[in-house]
Amino acid sequence: MKKILRFQLKDLTYSCVAYALVMLLLYCIPLVISITFGDIDMGINGNGLPGAVFCLVFGIAVYKEHLLMAVQNGISRRCYFQSVLCVLVIAGCACALIDLLTLFLGVRIGAGFSGNSNFRAIDIWKMCYPGFYDRAGSVSGAAVSFVLSAFVNFLLFASGLVTAGVYCRMAKKFRTFYCVGLPIFMFGVLPVIGAYFHKEVFKLVNGFMNIMGFRSNNPFLGVLTMTVIILAILFICYRLLRRTEIS
Amino acid sequence: MSRIEVRDVSKEFKDTKALSHVNLLIEENTIYGLLGRNGAGKSTLLNIINNRLFPGSGTVLMGDETLTENTALLSKCFLANETNLYPEGMKVKDAFRWTREFYPDFDADYAGELSRLFELPVKKKIKSLSTGYQSIFRNITALSVNVPFVFLDEPVLGLDACHRELFYKLLIEKYARGPFTAVVSTHLIEEAANIIEQVIVIDKGQIIRNEPTESLLNSGYCISGPAGTVDAYIKAREVIGTDILGGLKSAYVIGEPEYPLPSGLSVSKMDLQKLFIKLTDNLHSR
C-alpha cells in the first residue's frame, strides 16, 4: 500500500502547492492594488470553502489515473482503496489547514489596508452554528472550523471518488452521456424538481438542518452526520472499485 | 517452487464467450508461447492472470494462494500489453523510476542500457511515442523488472525487423543469465518459434494444445509429393491438414513416418506456424 500511496502523495503535493499558490495570488492581487492605488477600496471577498472544490476535483481527476497505475504495477484494488482513504484524509486536512491559514492571513491583510476582508471559511460555520461560536473562544472556534472544513473536504473528496468510480465501471458507450448528463442533472434538473416539489424539499432541508445540528447549534452533530454520509459514500465507492475491470 | 495455476476459468463478455473452462499450469523458468487466432482469448487470459479482469468462474492460483487481488503475489508478475496504463503525461524516464518504486528489483541501469540500444527517447512522454516505441518501452520495462513471471502480450507490435530480432536476442540473453518465466503471446509464430520452450494453443476460449515445442513438432510430420501418391499414403493416417499447389500436395500427418516411403514422397519436419494454422483451421472449419 505504501508504494501506491507514495505515488498518490506526489500528485497531491504538486496539486496542493498549486492550490496554495493560487490562494496566495488571490490575496496578493487586492493587496497590491490597494497599496498601489490608495484611493481604491479593495476587499477580499467570496472565499468560503475552496478546499472542498479542490478535493472534489482532485478526487475525480486522480481516481482513474492512479487506479490504472496501481493495476499496472501489481497493486490490488483493496490496497489502492486503502491508499485512497489515506489520501482523502491527508488532502482534506491539508486543504482545511490552508483554509485556516488563509483565515489568519485574511485577518492580517484586512488589518493592513483600508479594504475589508471576509476571506474566511469560519464565517460559513458562524452562520451555521451562531450559538456555538458566540460561546466559543477564538482558538476553539478556529479548531472547530478546521474540523468542519476538513469533514466537508472529506465528503467532497469521497463524492469525487464515487463520481469517477461510476464512470470507470460503466460501459464505454454510456460514458459521454454520464459526463454530460450528471452536471445537467445536478445543476439543472434537480433544482427544477426542487422548485416543483418545494414543500417536500422544505421538509428535507428542515430534516437536514436538524441532523447537521444547525438548529441545536451543535457542530459535533454535523460532524457525526457527515461521518455517516462519508462512510456510506466510501462503501459504495469500494463496491464499485472492487469489481472494476481494466482492459 | 511457485507456479501459476489457472483452474477452470471462464469469462464472458455479453454474448461472447472469451474463455471456457480453461485449465493451465504456468511453471517457473520456462518460456511459453501463447498462440491463438484473433479473438481466441489470449489477452483475456493474460488480463485475468494479472488481475486486470475478473474471471466469471474459476480461480487463478500462485502456489496454494489465490493470485487475484493479492498484492504480495501480484508483485511477482508483470504484464506488458498494448494498453498503456501509465499516466498520460508521464515521461519514459519517470515511468522507469516509478516502476522501480513498485518493483524493487527493477534494474534501472539495464533499462537505460536497453533504451540506448533501442534508441528509445527517455525524455519523451509515453503517449507521444510511436506505436513501435511504445512497444519497446513496455518490453524494456518487462525485461528490466526482474520478477519471476513476465507476461508479454504482442511484444513486437509495430516493431521493425531489426528491433524484433534485437528483442528476441535480449529476451534469450536475459533468460540465459537468470531464468524466469516469460509468457509471450504473439501472431508472429515463425519468428518466436526458436525461443519458445512450451507452446500453448488457445482457440475459441479453450486450450487445445499445451506441450513442449519439441514434442509438439515431433508429434507429426509433413509429407509432400504428387497429389495421388500423397492421397494414397495418408488414407489410413491421421491428417490435420493439407496444402495443394498444382499437382503437388503436402499433408500434415500425426505420428511418425514409416520407412521406406513410397517413391516420389519426401518427409520434412512440421513447422510451428504450419502446425498452428492447421490445428486452428481444422477447428474453425468444423
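A residue is buried if 20 or more other C-beta atoms lie within 10 Å of its own. All views below come from a predicted model.

**View 1. Strand β9 of chain B is enclosed.** Strand β9 (residues 198–203) of chain B has 6 of its 6 residues buried, so it is largely enclosed by the rest of the structure. Both faces are covered. On one side B:Gln198, B:Ile200 and B:Ile202 are buried.

View 2. Strands of a sheet pair through backbone hydrogen bonds, either parallel or antiparallel. Strand β3 (residues 31–36) of chain B runs parallel to β9(B), joined by 5 bridges. B:Gly33 has B:Val199 as its bridge partner in β9(B). Strand β10 (residues 206–212) of chain B pairs with β9(B) in the antiparallel sense, over 6 bridges. Here B:Val201 has B:Arg209 of β10(B) as its bridge partner. β9(B) and β10(B) form a hairpin, with 2 residues between them. In the turn, B:Lys204 has a positive phi of about 50°.

**View 3. Four strands of chain B form an open sheet.** The strand order is β12-β13-β11-β14 (chain B), and the pairing is antiparallel. β12 (239–245) and β14 (266–269) of chain B are the edge strands, each pairing on one side only. From one strand to the next, the twist averages 25°. β12(B) meets strand β13 (residues 248–254) of chain B in antiparallel pairing over 6 bridges. Within this pair, B:Thr242 has B:Ala251 of β13(B) as its bridge partner. Helix α9 (residues 227–234) of chain B lies across β11 (220–226), β12 and β13 of chain B. This helix runs at about 140° to β11(B).

**View 4. Helix α3 of chain B has cover from both chains.** Helix α3 spans residues 92–102 of chain B. Its buried residues are B:Val92, B:Ala95, B:Phe96, B:Trp98, B:Thr99 and B:Phe102. An α-helix has 3.6 residues a turn, so residues three or four places apart point the same way. The cover over the buried residues of α3(B) includes α1 (2–36) of chain A. It also includes α4 (108–118) and α5 (131–144) of chain B.

**View 5. Chains A and B meet.** The contact takes 19 residues from chain A and 19 residues from chain B. On the side of chain A that touches chain B, the elements giving two or more residues are α1, α2 (50–72) and α3 (77–112) of chain A. α2(A) gives the most, with 5 residues. By class, this side of chain A has 7 nonpolar, 5 polar and 7 charged residues.

**View 6. Helices α6 and α9 of chain A pack together.** Helix α6 (residues 138–169) and helix α9 (residues 219–241) of chain A pack at an angle of about 20°. Their axes are 9 Å apart. The angle makes α6(A) roughly parallel to α9(A). The crossing is left-handed. Residues of this contact divide into 21 nonpolar, 3 polar and 1 charged.

**View 7. A:Cys168 sits in helix α6 of chain A.** A:Cys168 counts as partly exposed, with 16 C-beta neighbours inside 10 Å. Leaving aside neighbours within four places in sequence, A:Cys168 is in contact with A:Lys64, A:Leu67 and A:Thr244. A:Leu67 is 101 residues from A:Cys168 in sequence. In space, the two are 9.9 Å apart, C-alpha to C-alpha.

Methods: Residues numbered from 1 in each chain as written. Chains lettered and ligands numbered in written order. Predicted model: local features only at pLDDT ≥ 70, side-chain atom pairs only at ≥ 80, totals over all residues. Buried ≥ 20, exposed ≤ 12 C-beta atoms within 10 Å, placed from the backbone. Contact = placed C-beta atoms within 7 Å. Nonpolar A, V, L, I, M, F, W, Y, C, P; charged D, E, K, R; others polar. Axes fitted to C-alpha atoms, helices over the stretch in contact; angles between N-to-C directions. Parallel < 35°, antiparallel > 145°, perpendicular 65-115°, else oblique. Left-handed = near helix turned anticlockwise from the far one by under 90°. Pairing = 2+ DSSP bridges.
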